[in-house]
Amino acid sequence: MGKTQVLGSRSMVLIFAIVFFTIANYGCQSSTNPTDNKPLSQMAAPSPTQVQVPPWPSGFPTSVPPAAINGNLLFAVPLPTTINSPLQIRPNFDYFSWQSFIALNWPASASSRGTPDQPNNPSVFLSAAAGTPVVWGTYKDSFDLFGQKDQRPSSWDSPSSPITPCSNVPAGQKVLMFTTKGDTALMQTNQAFSFPLIDQRSNLVYYDVRYNQAQYNFVRGQDNDPTSWLYLLKNLTPKENAQFGVQMPMTTTAPTNTLGSIMVKAAWRIKTDKDDASRYYTSAAQIYNSQTKSCTPATVLLVGLHIAHKIDPFTEWVWSTFEQVDNVPPDSDISPKPAPPPNGYSFNNGTNTPKTTGGYDYKPALSPTPCPSPGNASQPCPKPVQVTRINAIPNTPTGASTRDFNAYYQQLLKGTVWQYYQLVVTQWPFNPGIGSNGPFTLMQNGGVYPQGAGSAFPVNGAVNTTMETYFQTQNDAAGAGGNSCMSCHYRAGQSDFSWGLNRRAH
Amino acid sequence: MDKKSEIALIKRRTVAPAEEAAVITGTAPAATGQLPSGWWMYHGNPEHTGYVSDSDLTVAKITPDPKTGTSPLTALFTLQLGGPVLSVPAIADGFIYVGLANYHQTPDGTGNGGALHKIDIQTGTTVQTFSWNLGGDNEDAHSFSGMGCTPMVTNDHVYFGAFNGKFYCLNKDTLEQIWVTDLRNEDLAHNQPITNINGVGSGYPAAVIWTSPVISSDGTKLYVACGEGENPQMYSFVFCLDPATGNVNWIYCTNVYCTGKANQPNVLPAQAVQTLPPPPGFSVFNGEPIVMGCSVWGAIAYDKDLNRIYCPTGNQQPEPDGNWTEGPIKPELPSPGFSNGLLSLDAQTGEYKAFFQVPFESNYRVSDFDIDIGSAPVITNLDGRKVVIITCKNGGFFVLDADTLEIVKWRQLLPYHNDGTWIETVDAHPRDQNALNPHVSNEESNTTPGENFSGVFNTAALYPGSSDNPQTISPRFFIGMGGPNYHNASPGIDYQSTPFMRAIDFNSATLTDAWPMDNGDPRKYLNCSHIDDTMGIYAGMYTAAGECGLSSPAVVNDVVFCTTSKVSIYAFDVRDGKLLWWDDLGAQTDGYNGGYGYCLGPAIWKDYVVAGALVFGRDGGVLKIYGLTPPAA
């Protein structure tokens, strides 16, 4: 409609409602953890460790609750009572992102998939041994859901799936795939709608998509209702064609705290002798090579993590993306320039050569030969991609920017590998809602980004250098709908912003 | 590849046997000689100025209220018409006449055909629809089966041409067909001897009508062209028809027969005449023209004072670098015959009067090819002299003497660096045609022939100037920049350097920019975008990747409207380019470098602005009607 737009009165009412519920329920968070649904006998005995959490710096808004080291996912985004602009509430969303990061990277319970071990005991997190499985790492993999061919995906609690690419792999260990072009839709070495990434050690980067219990079960459907099995295209399509498409479960505080859908995408690179693993979250993995049909064990280093959480009232999800700090050089306006990491950057050689127009120097072939080449050790390793960050980590609002939150949380997490991670950006719908509650409109029904996607903020430039390396500029990302999480995933709006569901249902 | 090929990505549909809509053949009443006002034809009038003054739409009226942020100009109706709109609507007497490029609800149920809707502008109600099926022998190589021109509404009739090569006259009130003349296949009942289907059997497209019709000031003759730029064996013709009967008055072939000698009207290529001898008044040329192509797609302009018509022409066929792979390039310009230029004919007789071809030095890059003039000429006066303005895909803007077609002045509209060097990302010509968004050096672009997708594909709009405003405003032209984005080189224009619409000071000797610019490199308009602090949206020029002004702007009083490939519509202050208002019509189609989306320009009638588009979803098309709403009590 006519512009300039302002936040409509309906939206303001909505926001006030959010605030009310947020304030009303915030104090309940620690008592509504998913683990609370378990019998007491299955819960580990709590042994809380007192951790002194430093206060926020003076510039942080008072509407942001104190930071906490616990494994409890938030059930609402805390917001101020008066909202004048999306920029004003960036700190609230960055807080939400960091608390989600901590909760999802909390050591996982050994007895219950997708739940934290002693979530209220900070020492469990702060003293976790290297390679300890974390909550999101025990979520079901997209292969578990979409790669089972004619078989029904196993239940959430099942330790294995009917089809696994690597035999004799310990339950829960990651299987990362190197696939050749055309092998499968699960192109775990190609970035979404794009190309592979090759690190400075000439190794491919591997991608890992996982869904939490609510989302997995929603797509898997109910055993007694085959029409609810949405991993099957015949069941998905009618639901996609509904006015607002598929609607997955949403985290809500009403009537009780209920965890909704969370999808996570991680980027891993292979650990080599040249790497300092103490700066990374590491995991044991099996690298499946579809050419040789064999699996090779490896230790992988977490270099990027997307978190998308559908949380009331943000029907268009809240999108957070993190990176390991050694990926690429810091933003050019950082002064003084920090010294390069001791073992060099993961995706940059530390010099200005080669040139990185658009944030990269070249796009590797879709099916590069891994290093070393299976069966042909003499074949040269692929050339590393030189990567730089085009979209700076936000330095606004002044005094409480994403950079400021990073500095705070990195200090808070000192002594753990998580101090070496940084929030790159949080993106959320500023004017969320569907139907009578908001403007969400599917593209096929005339919706236009960003308005139709709930007025995404920031509109552009929300990418991760390890997962959208080649989509950092608007020009390069035009084919993906834009250079942000929401502009891209809005194109899968009929599948509730899930490209996995949209593209991998069969 | 030209714009037709680029934008024609709509899926082909099953072709059914040819079947016409209910045909009422007859004769229209004699013309009255009174031309209507308003947006009754392409760009508002036979001179195609695109200027409207009998409207309350002004800067003051549409500027949003600073307190609420809302503008009185709002979307009154958003209509789904059953297919994409690939043309500017016409508006007359409170009704919109808009054609569809493809119509999904054809009477035969195949979805292969076209339609023209008549819509009440005040209620948004479609009151009549005229539709046609398309037979298998009429399948359009661009997958378009409907129409792509602006209808002309005059003397109680609606006139338009379609992609099936037929030219229709309908009753304005009922949309019942009065007559139809086939301009692709011989139609001797209408004194039409041409059969223009060479090469169709080899897979090339048949002759189609893209041009919007124009009528003489006395209402006794109408002009339309029929040809095809993508078929190296196809001829191109300009037809003069009797508006009352559809009978052909004269025909001019734009493919020159003999070097250095203009064709005579009514001398027809023998290969395009099946029935010999042709009807009285026609003769045949038994030979090969010196060049094919030279098709007229842009609307023909008419000037009553000189009694001339002006016909923009496309590129020659074959092109010198059509199959280039490596080695030295062959400059396309100068090109043979009436290619890449503007042809002037006597409106009464079709006699050749003058021809202008864009000069080689006007190219943005020496390696530009597939030059084309896809825009319509605009006729106006400059210092008491009748001039014709024409814009070109090579980025050129030309002011020509209307009589001789000699250049009065010209400029390149695409930006350069301040030191005069090319901008790498403007009009890039990658050697690797398959690479998506490659980074291309100037050296590579200048030595690789390529189509200029950043130039001008549509018609300039005139603001005639004013001295009764708070300050004097000089006459100025507004030109949409950029073509289709359905190609690998880049998603549309280089949005960071190139405005999607230029504003040119018409009085300036060097045609300088009419709006204030910054001091950057390259210099950009200062006021044409803004950040909406409440939404965080950066709106306007230089903000969205690939957003092209592949449209014909329209000027109403002191406001210029422009539509884009995003697909959006904008209003700017003609004085300084301040962004006043904008709206989205829809999204581009999905995938591949952003897909594609088109709105070829707004139509303005009284206090209404109407724009149709090709968009994602919604049967591929949408029509929005905007109007002034009274402020809330």
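## Trp268(A) and its neighbours

Trp268(A) touches Leu176(A), Val205(A), Tyr206(A), Asp208(A) and Ala285(A), along with Val300(A), Leu301(A), Leu302(A) and Val303(A). That list leaves out residues up to four places away in sequence. The model is predicted.

## The nonpolar core

Trp268(A) also belongs to the largest nonpolar core, which has 307 residues. Trp268(A), Phe239(B) and Ile300(B) have the most contacts inside this core. Strand β6 of chain A, residues 294-311, gives the core its largest share, ten residues. In soluble globular proteins, nonpolar side chains tend to be buried together.

## Chain A overall

Chain A has nine helices and nine strands. Of its 506 residues, 53% are buried. Among contacts in chain A with a separation of 6 or more, 70% join residues 24 or more positions apart.

## Helix α7 of chain A

Helix α7 of chain A covers residues 402-412. Which of its residues are buried? They are Thr402(A), Arg403(A), Asp404(A), Phe405(A), Tyr408(A), Tyr409(A) and Leu412(A). The cover over these buried residues includes α2 (90-104) and β8 (421-429), both of chain A.

An α-helix has 3.6 residues a turn, so residues three or four places apart point the same way.

## Contact between chains A and B

How many residues does each chain bring to the contact? Chain A brings 30 residues and chain B brings 38 residues. On the side of chain A that touches chain B, 14 residues are nonpolar, 13 are polar and three are charged.

Methods: Residues are numbered from 1 along each chain as its sequence is written. Chains are lettered from A and ligands numbered from 1 in the order in which they are written. This is a predicted model: local features need pLDDT of at least 70, side-chain atom pairs count only at pLDDT 80 or more; totals for chains, interfaces and linings use all residues. A nonpolar core is a set of buried Ala, Val, Leu, Ile, Met, Phe, Trp, Tyr and Cys residues joined through C-beta atoms within 7 Å. A residue is buried if 20 or more other C-beta atoms lie within 10 Å of its own, exposed if 12 or fewer, and partly exposed in between; C-beta atoms are placed from the backbone. Helices (H or I, at least four residues) and strands (E, at least two) are DSSP runs, numbered from the N terminus. Two residues are in contact if their C-beta atoms, placed from the backbone, lie within 7 Å. Ala, Val, Leu, Ile, Met, Phe, Trp, Tyr, Cys and Pro count as nonpolar, Asp, Glu, Lys and Arg as charged, and the others, Gly among them, as polar.
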